Amino acid sequence: MVTSHQQEEESLRTTLVSNGRVDFRGRIADKRTTGGWKASPFIIANEVAERLAFFAIAVNMVSYLVFEMHQSIPKAATHVTDWIGAAYVLTILGAFLADACLGRFGTIVIFSSIYAVGMVLLTLSASIDSLHPSPCTKQPCKPASYGQTVFLSCALALIALGTGGIKPCVSSFGADQFDEADENEVHKKYAFFNWFFFAINIGALFGITLVVYIQVEKSWSWGFGVPTATMFCSIIILVAGMRYYRYQRPMGSAFTRFLQVIVASVRNHSRGVEVGREDDLYEVSTKESDIFGAVKLPHTAQYSFLDKAAVITDAEAITKNRWRLCTVTQVEEFKSFLRVLPVWASTIALSISFAQLSTFFISQALIMDRKLGPSFVIPAGSIPVFSAITGLILVPIYEKWIVPILRRYTGHRRGITSLQRMGVGLFLSIIALASAALVEKKRRDHSKPLTVSVFWLLPQYFLMGSAEVFTYVGQLEFFYDEATDGTRSISSAIFLSEIGIGSWLSSAIVEIIEGTTGGEEKGWLRNDINKSRLDYFYWTLAGINGVNFLIYLWIARRYKGKGSEKWSVRDVAVHG
């Protein structure tokens, strides 16, 4: 006979999560009191605040550097792209620390605090007269002093570091709040991803419109102070949800495991070890893999050199020292990471194009007619809102109408593959830059260039926004589907780092063009946009993207992935 005590124990087991997540006391999390939509709103609020602050700075920092810090337009554009580049490349550090020791929640809280300190310093830079140059009444303007520049650079560096810690962790931490073995929670998880994507865009829209408007109409102090206050509130809200969260213990760094595979394979190769039968490769006998929280992976023939890391050379001396002998799963984890790198590298050029959204596109808008009606003037820093709105409109249209139509013709569940979708985005970026070049030539050749309407920039913003929708969503699907259990955070960080590397390459291209065409006084990119040849610059970027597109096609046609038929996050979110 089943006793009431046994029934109570059985009931408790069914309410505990099956994925090993724990509550804030370190006990296996109970679904009745933790996770789900009890926890998710706190995480979403943090993301809205971070994106609001980041975009409010990113889209208007060129204007701040030019008009307040008295930098030239090319130098300001280079500094902004360098800063954005650092913010996204630092996501690799954030992912490493989260996996290795801090956990996702700890990483988010620590780096949100660093972010907030950076925002305080940025607000002080704009508020205290001694921390920025005096207003300029006539040219040439007195540039910022070394101390003023260093202070501002420290503020931006802390914000970049904070972004790098938050971005690779926050969406994954949100996903940790749902148990994938519970069918009811699975559907809620995909609803969370939809709301999370919505939160990113809401934060961006408020940052690009409301906060930029405050910066222009009120003051820079208010414009930076508002997102600073918002960031502090977001930390309080995030910490307030501690008792409701489910936490994943750190799994260990994927980079360490990658390095172990390299060391073990090179060591065995130097000893003359050859790969024979698959049975000669080492794998643990347990149901789960040797990597905490990850399932076992089947052996593949690609990159066979790395298999040497798992060759058993002495059956009596099997060791747990992974620097000497790795498991098949550990080797395959590294292989899956290596497979995506050529695709990742061949989409970086698109990020070079995106870098122009917050630099030279805004520089164009600054000297165009931005009147909307008889009295309202659109702030130049708010012009990128056209790109964001394009994304918000195009995503539901694509999901609701275009995907079903494409599915009828291709038979693919998503209409086209993630690689094909990325290809469409890369092609649209070429058209966007060609449009930007043509519009700039028309504006420059106009008898009164200052009277040309800013709405002539809409085509390039629409095309760039469309390119971002296709490529970003394609990359999201691709990197999610091709990542293994142990490389989710690193895969997310690598994906985000592409934006940073693209920004740095944009800065390098600007420097090269400046140096080869005559500098800021006579070259294509001068301090006076009306005397510059920005159209030549855009044509150069279009050419780079064109060559990159051909390289991408060659790589994509030869790509051999996991070949699994599993549904991606966005698949289930749409169809579930």
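Q: Are Arg 443 and Glu 440 buried or exposed?
A: Arg 443 is buried, and Glu 440 is buried too. Buried means under 20% relative accessible area, exposed over 50%, and partly exposed in between, with a 1.4 Å probe and protein chains only. This is a predicted model, where local features need pLDDT of at least 70 and side-chain atom pairs count only at pLDDT 80 or more, while totals for chains, interfaces and linings use all residues. Residues are numbered from 1 along each chain as its sequence is written, and side-chain values use heavy atoms, leaving out hydrogens and water.

Q: What do the side chains of Arg 443 and Glu 440 meet in?
A: Side chains of opposite charge can pair when their charged atoms come close. Here the two meet in a salt bridge, at 2.9 Å from N to O. The term stands for a side-chain nitrogen of Lys or Arg within 4 Å of a carboxyl oxygen of Asp or Glu. Arg 443 and Glu 440 sit three residues apart in helix H14 (residues 418-445), about one turn of the helix. Helices (H or I, at least four residues) are DSSP runs, numbered from the N terminus.

Q: How many salt bridges does a search of the whole structure find?
A: The search finds ten salt bridges. One of them joins Lys 167 and Glu 47 (3.0 Å, N to O). Lys 167 belongs to helix H6 (residues 146-175) and Glu 47 to helix H2 (residues 40-58), so this pair ties together parts that are 120 residues apart in sequence. Both Lys 167 and Glu 47 are buried.

Q: Which residues are linked in a network of salt bridges?
A: The network links Asp 307, Glu 332, Lys 335 and Arg 339. Within it, the side chains of Glu 332 and Lys 335 meet at 3.1 Å, N to O. These two are separated by about one helical turn, because they are three residues apart in helix H10 (residues 328-345). Glu 332 is buried at 3% relative accessible area, and Lys 335 is buried at 0%.

Q: What is the volume of the largest cavity, and which residues line it?
A: Rolling a probe the size of a water molecule over the atoms shows where empty space is left. On a 1 Å grid over the protein atoms alone, a cavity is a set of points where a 1.4 Å probe fits but cannot get out, and lining residues have an atom within 4 Å of a point. Grid points are joined across faces, edges and corners, and the volume is the space filled by probe spheres set on the points. The largest cavity has a volume of about 50 Å³. Its lining is Ser 336, Phe 337, Val 340, Glu 482, Ala 483, Thr 487 and Ser 491. H10 gives the most to this lining, with three residues.

Key:
1 Å grid on protein atoms, 1.4 Å probe; cavity = no way out; pocket = protein on both sides within 12 Å on 5 of 7 lines; lining within 4 Å.
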